[in-house]
Amino acid sequence: MASLLRSEIGLMMSRRRNQMGLLVLAGVPVLLAVATKLSGGGGEHGGGADFISQVTQNGLFVPLASLTLELTLFLPMALAMVSGDAIAGEAHQGTLRYLLTVPVSRVRLLAVKYLALVFGAFVAVTVVLAAGLIAGTLLFGARPMITLSGTTIGVGAGLWRLAIAGLYVVAGLCALAAIGLFVSTLTEQPIAVTVAVMVVTSAMWIADQIPQLSFLHGWLLVDRWPAFADLIRQPPVWDSIVQGLLVDGAYAVVFLLLAWARFAGKDITS
Amino acid sequence: MAAADPPAQAGDGFAVRTEGLGKRYGAQDAVHDLDLVVPAGAVYGFLGPNGSGKTTTIRMLLGLISPTTGRHELLGHPMPDGLLAALPRVGSLVEGPAFHPHLSGRANLTRLDAADQHADPATRHTRIGEALERVGLTAAAGKRFRAYSLGMKQRLAIAAALLAPRDLLVLDEPTNGLDPQGTREIRHLVGALAQEGVTVLISSHLLSEVEQVCTHVGVMRAGTLVAQDSIEGLRARQRAELVLTTPDPDRARVVLQRAGVRELAASADGLTGTPGEQPAERIVEALVADGVRVRGIELRTPKLEELYVQLTGEGFDVRG
């Protein structure tokens, strides 16, 4: 299991496309920091929880602002891409039949593929945070953070909260990866998986914006994704985060079961 | 999973045995009521035109698709329950090579070996080296798969089937895309593996490609197994034909009848018939003794190929 997982992660990281994807993810915080620096101050951004207006005061806000910026499109897209490769990509290439006749049991293969996606989500978020921290610290310096509640926390505590915020975003992406893995068992076209996962994500963001659908909001995977902002309060507010984790977990369980139900008896004709 | 390896070649001396195996897609029977028997140690030529159900059968044998009817055993393990126990002893090449194009040949084999829970990581490097050597791919092992020629791809797939010691090799059209020399090498390799006691199931749409190495043959046509026998058994089914050229057909007919030649028929310049026990030289002797002018006599044994064509038909029609 460990040996196949290592191979799987190596395969994922060796793809030029995925390396480019990580560069794009790292590019956003750099772009944000440089643009803010050059314009000589934060354009007024409504002062909400998007952290962009705080960037000039403190470089530690660059990774947080970048998470917010990339949460809607780039991070989900990264997961949508790698989940396309997971099963559909192997089927498309024909390598799936050779893995299964090694033999690798289908359950084990799904487990390894999902764990690799989880690892991918972790790497993607880490890259965003690291690039943001480096760019932010270099251009604006790292200072004690002024929280959304108006109080101040030290740099060390700020970094901790940043790490927890990152893990929270990873959890959301892991739930999305479960959807991706399920869709990946449905088709032999990796690009179809990527498109489908992006459509699902975008549709949920849109539904989340429509007040008339408020009864639905609590059930949407993305609804509480931005709740990591609550960590930058003093003390942190956990309610939305806990609810968000529960929703993430429910989505992950349901779609992993669906993936297993679909894949366990599927005829592999590719 | 499958901690204890089964004894090699378990299953009453059969490497593969199917009973009424069938696969139906919607209204179409891709494979129908197949009773395939591959004795342990055999080199089984699995023949049939493209689209006759060979690959579908092989996919069912390897558990990639589930049969709609019947059952089968692989190395004595009933399928599909025994799949994970049987497959480690089975090397396979199914419907052409498939690897990750951006990885080298060696990296691709490393990945497959890493997926194998039974494979010892300590010997991985050696085993991969040996498999590459065996198919003559050592020099190209570091090249990306995407740069391989079709023949090299095919060889890499065979190397993958040889990564671990096997009791059964299932090779689906292994000579596809190979030049005549490559085809000869594959035949040679199959022969050598058979010598080592490996059972080989080798599919082809060309009888001539496998005839020399096979001990057994099964012929598919339109999803059914129309013939299955040892190669001697198949040869014995074919009757020789005596072709006599003579200006004295009437006298010759009498002599030939006396010599036990049956089914005599007149031809443009003589007679044809099916010889009995008498060898050709005795028949000639008898003819000459009776004053029949023999201008030519030939004992013609039809090639196996002709039987194959007879069994599979020659048409270009693809089944809808």
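**Entry 1: charges**

I began with the charged side chains of chain B, which has 34 positive and 38 negative ones, with the centres of the two sets 5 Å apart. I noted that the model is predicted. For chain A I looked up the corresponding values: the mean positions of its 15 positive and 13 negative charges are 10 Å apart.

**Entry 2: chain A overall**

I went through the secondary structure of chain A and found ten helices and two strands. Reading along the sequence, I wrote down the pattern α-α-α-α-α-α-β-β-α-α-α-α.

I then checked the overall dimensions. The C-alpha atoms of chain A fill a box of roughly 60 × 40 × 30 Å along the principal axes.

Of the contacts in chain A between residues at least 6 apart in sequence, 77% link residues at least 24 apart.

**Entry 3: chain B overall**

For chain B I listed eleven helices and 15 strands. Its radius of gyration is 25 Å, well over the 20 Å that the globule rule gives for 320 residues, so chain B is more spread out than a compact globule. I also took down the span of the C-alpha trace of chain B, about 80 × 45 × 40 Å along its principal axes.

Buried residues make up 49% of the 320 in chain B. I recorded an accessible surface of about 14,900 Å² for this chain, with 51% belonging to carbon and sulfur atoms. Among chain B contacts between residues at least 6 apart in sequence, I found that 69% join residues at least 24 apart.

**Entry 4: two hairpins in chain B**

I followed strand β1 (residues 14–25) of chain B to strand β2 (residues 28–34) of chain B; the two run antiparallel and are joined by four bridges. They form a hairpin with two residues between them, and Gly26(B) in the turn has a positive phi of about 60 degrees. Across this pair, I saw that Arg24(B) stands opposite Asp29(B) in β2(B).

A hairpin of two residues connects β13(B) to β14(B). I picked out Ala265(B), whose bridge partner in β14(B) is Thr272(B).

**Entry 5: His100(B)**

I located His100(B) in the loop between β7 (90–93) and α3 (105–115) of chain B. Is His100(B) buried or exposed? His100(B) is buried, because its relative accessible area is 2%, and buried means under 20%.

I listed its contacts, leaving aside neighbours within four places in sequence. His100(B) touches Leu11(A), Arg15(A), Glu90(A), Gln93(A) and Thr95(A), along with Asn108(B), Arg111(B) and Phe145(B). I also checked Asp167(B), 67 residues from His100(B) along the chain; their C-alpha atoms are separated by 27 Å.

**Entry 6: Thr312(B)**

I found Thr312(B) in helix α11 (residues 304–312) of chain B. Thr312(B) is buried, with a relative accessible area of 10%. Which residues is Thr312(B) in contact with, leaving aside its neighbours within four places in sequence? I wrote down Pro49(B), Val219(B), Met220(B) and Arg221(B).

Notes
Residues numbered from 1 in each chain as written. Chains lettered and ligands numbered in written order. Predicted model: local features only at pLDDT ≥ 70, side-chain atom pairs only at ≥ 80, totals over all residues. Heavy atoms only, no water. Contact = heavy atoms within 4.5 Å. Lys, Arg positive; Asp, Glu negative; His and termini not counted. Charge placed at Lys NZ, Arg CZ, Asp CG, Glu CD. Pairing = 2+ DSSP bridges. Buried < 20%, exposed > 50% of the residue type's maximum accessible area, 1.4 Å probe, protein only. Rg over C-alpha atoms; globule rule 2.2 N^0.38 Å. Areas by Shrake-Rupley, 256 points an atom, 1.4 Å probe, with all protein chains shown as cover.
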